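Please read it with the structure open.

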Amino acid sequence: MAKDNKIAIYPGSFDPLTNGHIDIIKRASMLFDKLIIAVASNSTKNSLFTIDNRVQIINESLSDNDSIRVDSFEGLLSDYARKNNIFTIIRGLRTLSDFEYEFQMAIMNRSLNSSIETIFLMTDEKYSHISSSFIKEIYKLNGDVSRFVPSPVIYQLNKIKNEKNNK
Ligand code: PNS
């Protein structure tokens with residue numbers, strides 16, 4: 001794909017950011033001139049981190065790169081895309097089972113905003129088993145997640161644990 005001032009949004013809950021997300025961010029930033037990482041703030045999932053924390057973690061986990069910006073949004077992704085005049089959405093695929101949900105979401109987003117195209121990028125297979133939900137579960141059951149997430153996530157997880165212990 002030619003890089004011709006192309007902008008894309010990489011949306012997600014990022015609760016928390018994983019090494020798999022970082023892999024997708026790196027791949028997308030090679031293809032696009034500008035990448036907006038958009039943290040969805042109305043996720044129905046049981047959240048571990050606040051939106052501000054998630055944005056902070058993403059910023060801290062990425063090396064300085066002027067072509068990447070981290071933002072958060074409320075409401076529909078299709079509306080966020082329209083407001084910002086961006087029509088390309090990036091989503092990562094780990095396994096075939098991701099595809100069904102992602103396919104439906106891509107079609108729904110295009111029904112809501114006909115200018116939107118979703119581009120799927122495949123994660124490196126070494127990250128195909130990593131999901132934010134697993135990270136949350138392993139962390140809550142006192143397992144070691146340090147191989148699966150960047151160090152700012154570990155720092156924030158330890159902070160949460162220390163705050164709980166000091167109560
Ligand atoms: O990381 P996730 O949880 O798989 O990301 C899902 C996300 C946040 C991209 C999706 O739930 C979303 O876009 N939410 C915003 C609300 C919205 O537009 N919903 C309709 C999707 S068809």
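**Notes on the predicted model**

1. The side chain of Asn113 places a polar atom 3.2 Å from the backbone oxygen of Ser78. Keep in mind throughout that this is a predicted model. Asn113 sits in the loop between H4 and E5. Its relative accessibility is 3%, so Asn113 counts as buried. Setting aside residues up to four places away in sequence, Asn113 touches Ser78, Ala81, Arg82 and Phe87.

2. How many aromatic pairs does the structure hold? There are four. In one of them, Tyr10 and Phe14 have ring centres 5.3 Å apart and planes at 75 degrees. Planes over 60 degrees apart count as edge-to-face, so this pair is edge-to-face. Tyr10 and Phe14 are buried.

3. Phe99 and Phe120 also form an edge-to-face pair, because their planes stand at 70 degrees, with ring centres 6.0 Å apart. This pair links distant parts of the chain. Phe99 belongs to helix H4 (residues 96-112) and Phe120 to strand E5 (residues 117-122), 21 residues apart. Phe99 has 33% relative accessibility and counts as partly exposed. Phe120, at 22%, counts as partly exposed.

4. Which residues do ring pairs link into a cluster? They are Phe99, Phe103 and Phe120. Phe103 lies in helix H4. At 45% relative accessibility, Phe103 is partly exposed. Phe103 and Phe120 are 17 residues apart in sequence, and their C-alpha atoms are 9.5 Å apart in space.

5. Pro11 is in strand E1 (residues 7-12). Buried or exposed? Pro11 counts as buried, at 5% relative accessibility. Beyond its neighbours within four places in sequence, Pro11 is in contact with Ala38, Leu77, Ile89, Ile90 and Arg91. Pro11 and Ser72 are 61 residues apart in sequence but 8.9 Å apart in space, C-alpha to C-alpha.

6. Now the helix packing. Helix H2 (residues 51-61) packs against helix H6 (residues 151-165) at about 140 degrees, with the axes 8 Å apart. Angles over 145 degrees would count as roughly antiparallel; H2 and H6 are therefore oblique to each other. H2 brings Asn53, Gln56, Ile57, Glu60 and Ser61 to the contact, and H6 brings Pro152, Val153 and Gln156. By class, the contact of H2 with H6 has three nonpolar, four polar and one charged residues.

7. Next, backbone geometry. Most residues other than glycine have a negative phi, and most peptide bonds are trans. Where is the cis peptide bond from Asp15? This bond runs from Asp15 to Pro16, with omega near 0 degrees. Pro16 lies in the loop between E1 and helix H1 (19-31).

8. Two asparagines deserve a look. Asn85 has a positive phi, near 60 degrees. Asn85 is in the loop between helix H3 (77-83) and strand E4 (88-93). With 57% relative accessibility, Asn85 counts as exposed. Asn142 has a positive phi as well, near 65 degrees. Asn142 lies in the loop between helix H5 (132-140) and H6. Its relative accessible area is 60%, so Asn142 is exposed.

How values were computed:
Residues numbered from 1 in each chain as written. Predicted model: local features only at pLDDT ≥ 70, side-chain atom pairs only at ≥ 80, totals over all residues. Heavy atoms only, no water. Phe/Tyr/Trp six-rings, centres within 6.5 Å; stacked < 30°, edge-to-face > 60°. Buried < 20%, exposed > 50% of the residue type's maximum accessible area, 1.4 Å probe, protein only. Helix = DSSP H or I, 4+ residues; strand = E, 2+ residues; numbered from the N terminus. Polar contact = N/O pair within 3.5 Å; in protein donor to acceptor, adjacent residues only side chain to side chain. Contact = heavy atoms within 4.5 Å. Axes fitted to C-alpha atoms, helices over the stretch in contact; angles between N-to-C directions. Parallel < 35°, antiparallel > 145°, perpendicular 65-115°, else oblique. Nonpolar A, V, L, I, M, F, W, Y, C, P; charged D, E, K, R; others polar.
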